[in-house]
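Me: I've just opened this structure and I'm new to it. Could you take me slowly through the open sheet and whatever lies against it?

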Amino acid sequence: MASAENCFPVANGPSQPNFTIKYTKLFINGEFVDAISGKTFETLDPRTGEVIAAVAEGDAADIDKAVRAARQAFDEGPWPRMSGLARGKVLFRYADLIEQHTDELAYLETLDNGKPFLLSKYGDVDVVVKGLRNVAGWADKISGQTYKMDGPYQGMSLYEPYGVTGAIIPWNFPMAMFMMKVGPALAAGNTMVVKPAEQTPLTALYLAALAKEAGLPDGALNVVPGFGPTAGAAIASHMDINKLGFTGSTEVGKIVMEAAAKSNLKPVTLELGGKSPVIICEDADLDVAVDIVNLALFFNMGQCCTAGSRIFVQDTIYDAFVAKAVEKAKKRVVGDPFKPEVEDGPQVDETQFKRILEYIESGKAEGAKLLTGGCAVGNKGYYIEPTIFGDVQDDMKIAREEIFGPVMSVLKFKTLDEAIKRANNTAYGLAAAIVSNDIDVANRFTRSVRAGTVWINCYHVYDHSLPFGGYKTSGFGREQGLHSIHSHMQLKAIITPLKDS
Ligand code: ADP
């Protein structure tokens with residue numbers, strides 16, 4: 001391990017709610033079942049590395065079984081045949097049930113993922129409920145167009161669901177990412193096979209049980225926990241899955257897209273990694289800028305694909321900014337995520353923990369200045385101090401690669417043109433932000449930066465109706481609201497002769 005020295009201990013004595021874990025099996029055709037192989041895997045508590053539960057481990061055979069259930073539900077079941085209004089009604093009921101089970105879901109999310117319980121409760125569950133209600137409301141408002149054609153014909157465009165859709169989900173926002181795919185796919189009339197991340201399968205299974213309780217027909221939603229190269233790969237290459245949504249690393253996104261192309265050329269939506277720039281201009285209010293940057297990088301322990309991880313600061317305010325940013329980072333409360341005062345829980349698992357510490361070592365080795373943090377916290381679990389490097393150069397590994405942890409890189413710039421050029425000098429293009437009180441400066445930046453989301457004087461502000469997705473190797477396709485409904489449907493053109501008109 002790169003640097004496992006203990007800087008300060010994690011406070012003991014979690015004051016967590018306690019629910020029994022009800023669902024640990026695969027959810028196929030409306031039933032919780034064992035894996036065909038009989039295998040299970042352990043999901044671990046990132047606070048301690050101890051086992052929370054053994055979960056059924058799906059592989060290619062289980063994915064195939066789930067696809068057959070989803071196919072039957074699509075070809076013969078009521079779901080795609082129901083009116084949009086009727087589908088919407090089930091999904092609204094589903095959202096109400098999720099809301100009623102907020103505490104259980106938030107508990108499971110924090111236990112499995114390590115994020116602060118209050119964030120799970122007031123952030124993640126809220127995002128799930130609002131996103132689901134948004135797409136439930138679209139279910140009866142999906143409509144095509146009519147065309148008066150060049151000739152005696154009338155054309156119509158008709159939106160249709162793809163059929164069986166597959167989704168592969170990451171571990172950083174397990175519930176939110178699950179619903180970002182499941183909600184629109186179902187609202188559009190598709191049936192689904194979903195694979196949650198192996199690190200965090202518990203909330204997806206709970207959400208599957210609630211879908212059944214809400215009245216979703218058997219087979220319309222199937223949830224198969226398992227590992228990427230087995231269960232995930234089986235979804236990507238399945239010949240009878242008609243559309244694939246993937247959120248995860250750019251590296252795996254490429255593998256998944258290749259498998260999708262080589263099998264049945266299923267269309268894919270990819271939401272991948274990022275190395276998002278934040279530009280702090282000299283006219284910015286320093287305290288506002290520091291707050292924005294602190295949230296941009298440290299939120300969710302840095303485990304956000306949109307994390308603002310390259311902080312470009314204008315040279316005239318660099319020293320003052322850095323001093324305040326360090327002071328603020330030092331005040332962040334790291335510890336047991338069930339404690340209400342805690343802002344940063346552990347990283348999700350040992351692999352991520354070690355990777356982040358290696359990045360910290362590489363920052364030091366390449367000559368970046370470690371301004372605060374840099375250490376593991378405590379002697380069990382996967383806690384890392386909020387870390388800031390100053391004097392970072394564009395070509396350093398910590399400035400180029402996605403770290404997915406609480407490690408901020410601060411870089412200096414002189415002119416806006418230079419900042420824009422350097423901000424765009426990355427393979428990624430998921431998000432970007434500028435902090436400035438000059439609207440012309442902000443406008444120039446927003447129109448020049450190659451990123452799917454751009455924030456002016458704020459960060460990590462999302463909405464269920466706004467398009468979300470990346471440029472360049474951060475992926476393609478847009479999720480959320482009507483955009484995600486359309487990305488789960490295909491358009492058919494229908495032509496008919498027009499007589500006597
Ligand atoms: P991370 O590096 O953040 O864990 P990954 O891209 O590895 O992100 O994982 C995101 C999702 O992709 C997880 O559900 C994981 O199991 C899945 N996955 C990983 N490898 C593959 C693969 N070869 N094929 C399909 N899915 C995969």
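Reply: Here's a walk along the sheet, strand by strand, and then over to its helices. Quick housekeeping: this is a predicted model, where local features need pLDDT of at least 70, side-chain atom pairs count only at pLDDT 80 or more, and totals for chains, interfaces and linings use all residues. Residues are numbered from 1 along each chain as its sequence is written.

The sheet is open and has seven strands, in the order β14-β17-β18-β13-β12-β19-β20, with mixed pairing. Strands here are DSSP E runs of at least two residues, helices are H or I runs of at least four, and both are numbered from the N terminus. Two strands count as paired if DSSP finds at least two bridges between them. At the edges sit β14 (369-372) and β20 (453-456), each pairing on one side only. From one strand to the next, the twist averages 25°; angles run from 0 to 180 degrees between N-to-C directions, with axes fitted to C-alpha atoms, for helices over the stretch in contact.

Now zoom in on β13 (residues 308-314) and β18 (residues 407-413): they pair in the parallel sense over five bridges. Phe-312, for one, has Leu-411 in β18 as its bridge partner.

Next, the helices. Helix α10 (residues 318-330) packs on the sheet and touches β12 (276-280), β13, β14, β17 (387-390) and β18, where contact means C-beta atoms, placed from the backbone, within 7 Å. The direction of α10 makes about 50° with that of β14. Helix α11 (residues 350-365) lies across β14, β17 and β18, and runs at about 30° to β18.

Definitions and conventions:
Contact = placed C-beta atoms within 7 Å.
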